[in-house]
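Thanks for coming. I will go through one model today, starting at the ligand and ending with the overall dimensions.

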Amino acid sequence: MSGGAAREHEGGEALAFRGVRKSFSGRGETLRVLDGVDFAVEQGEFVSVVGPSGCGKSTLLNMAGGFESPDAGRVLAGGAEVGGPSPARGVVFQQYAIFPWLTVADNIAFGLRLGACTIPRSEHAAIVARYVDLMGLTGFERAYPKELSGGMRQRVAIARAYAPDPDVLLMDEPFAALDAQTREFMQELLHGTQLAERKTVLLITHSVEEAIFLSHRVVVMSARPAKVCEVVDVGIGMPRTAETRLTPEFIELRRHLEGVLRSQSSNLEKGTAA
Ligand SMILES: Nc1ncnc2c1ncn2[C@@H]1O[C@H](COP(=O)(O)OP(=O)(O)OP(=O)(O)O)[C@@H](O)[C@H]1O
């Protein structure tokens with residue numbers, strides 16, 4: 001459908017990290033986590049961040065969400081400095097952060113009903129129906145979270161994040177708690193939703209395969225104190241399917257990124273950053 005063009009986004013920076021530094025202090029020690037991180041996500045682009053464990057990936061996402069602020073440098077959303085959480089930036093975390101007392105449909109509608117959302121009430125039902133369909137939740141609209149599998153709950157969380165039409169979606173290991181088979185299925189659902197919606201997405205993941213499958217570009221962080229050590233343009237046409245994972249380009253890219261990550265992780269163990 002895309003004729004091999006992996007990057008079909010519109011251009012223009014939706015999110016940018018400029019010289020971002022961050023340390024955490026505690027028990028008389030200072031932990032330098034981010035040491036001048038620079039990259040941007042363009043509008044409509046899907047970018048994943050991978051890196052050694054503890055290098056500061058979640059810290060970056062928390063800054064984009066407005067939950068943390070940098071010690072130095074700037075985090076920009078739509079060209080403006082991020083000053084705190086905003087409905088313009090939807091967040092999906094690893095834990096099933098959906099409300100147990102609301103049905104699937106009401107969870108998905110949650111952000112639409114907040115005062116900050118300008119989408120008219122008359123459109124809410126159609127929006128909920130669209131995400132129920134895109135996330136494969138048909139028939140479960142009236143179910144409560146306790147009646148759903150872990151994968152389904154996370155699909156509700158993703159639908160809820162997309163529904164109020166935020167400028168940017170921030171996802172922190174959304175599939176980490178799921179088994180491998182469910183995880184692949186979820187990646188395919190998210191990819192289909194993303195092709196339909198073309199949002200700007202920043203995804204943090206431990207899985208190189210997940211990053212390649214979903215993204216236009218993959219940002220690799222170095223060991224802590226972290227910088228960007230490599231940015232890879234995936235360049236594999238969309239839509240991607242289960243077969244895409246078996247193509248030589250995909251396998252070669254996975255091998256390359258796993259090698260970079262392995263060398264960064266060994267730097268972390270040695271206590272040095274490349
Ligand atoms: N609020 C905080 N206070 C103190 N230390 C923190 C805080 N947040 C994060 N850290 C520390 O900063 C480092 C980076 O954490 P972060 O969660 O951002 O890394 P990560 O790359 O997402 O990790 P992982 O891959 O294990 O999920 C870790 O050593 C963590 O313990």
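**Ligand shell, domains and backbone**

The shell around the ligand has 4 nonpolar residues, 7 polar and 1 charged. Here Ala, Val, Leu, Ile, Met, Phe, Trp, Tyr, Cys and Pro count as nonpolar, Asp, Glu, Lys and Arg as charged, and the others, Gly among them, as polar. A word on the source: this is a predicted model, in which local features need pLDDT of at least 70 and side-chain atom pairs count only at pLDDT 80 or more, while totals for chains, interfaces and linings use all residues. Residues are numbered from 1 along each chain as its sequence is written.

Back to the ligand. Its surroundings include Phe24, Gly26, Leu31, Val33 and Lys57; a residue is near a molecule if its C-beta atom, placed from the backbone, lies within 6 Å of it. Which elements supply at least two residues each of that shell? They include strand S1 (13-26), strand S2 (29-42) and helix H1 (57-65). H1 gives the largest share, 3 residues. Helices (H or I, at least four residues) and strands (E, at least two) are DSSP runs, numbered from the N terminus.

Between S1 and S2 there is a loop, and Arg27 is found in it. Arg27 is not a glycine, yet its phi is positive, about 50°. With 4 C-beta neighbours inside 10 Å, Arg27 counts as exposed. The cut-offs: a residue is buried if 20 or more other C-beta atoms lie within 10 Å of its own, exposed if 12 or fewer, and partly exposed in between, with C-beta atoms placed from the backbone.

Next, the domains. The domain assignment gives domain 1 (13-88 + 166-270) and domain 2 (100-161); such bounds come from an automatic or database assignment. The C-alpha centres of the two domains lie 25 Å apart. Domain 1 puts 13 residues into the contact, and domain 2 puts in 13 residues. Two residues are in contact if their C-beta atoms, placed from the backbone, lie within 7 Å. On the domain 1 side, helix H5 (residues 180-197) provides the largest share, 7 residues. That side divides into 10 nonpolar residues, 3 polar and no charged.

Helix H3 (residues 124-134) has Val128, Tyr131, Val132 and Leu134 as its buried residues. What covers these buried residues? The cover includes helix H2 (104-109), helix H4 (150-162) and H5. Gly136 follows H3 and has a positive phi, near 65°.

Now the remaining backbone cases. Most residues other than glycine have a negative phi, and most peptide bonds are trans. Arg198, in the loop between H5 and strand S8 (200-204), has a positive phi near 50°. Arg198 counts as partly exposed, with 14 C-beta neighbours inside 10 Å. The peptide bond from Arg224 to Pro225 is cis, with omega near -5°, and Pro225 sits in the loop between strand S9 (217-221) and strand S10 (228-233). Met238 and Pro239 are also joined by a cis peptide bond, omega about 5°. Pro239 lies in the loop between S10 and helix H7 (248-270).

Last, the whole chain. The protein has 7 helices and 10 strands. Its radius of gyration is 19 Å, close to the 19 Å that the globule rule gives for 274 residues, so it is as compact as a globular protein of that length. That radius is taken over C-alpha atoms, and the rule is 2.2 Å times the number of residues to the power 0.38. Of the 274 residues, 39% count as buried.
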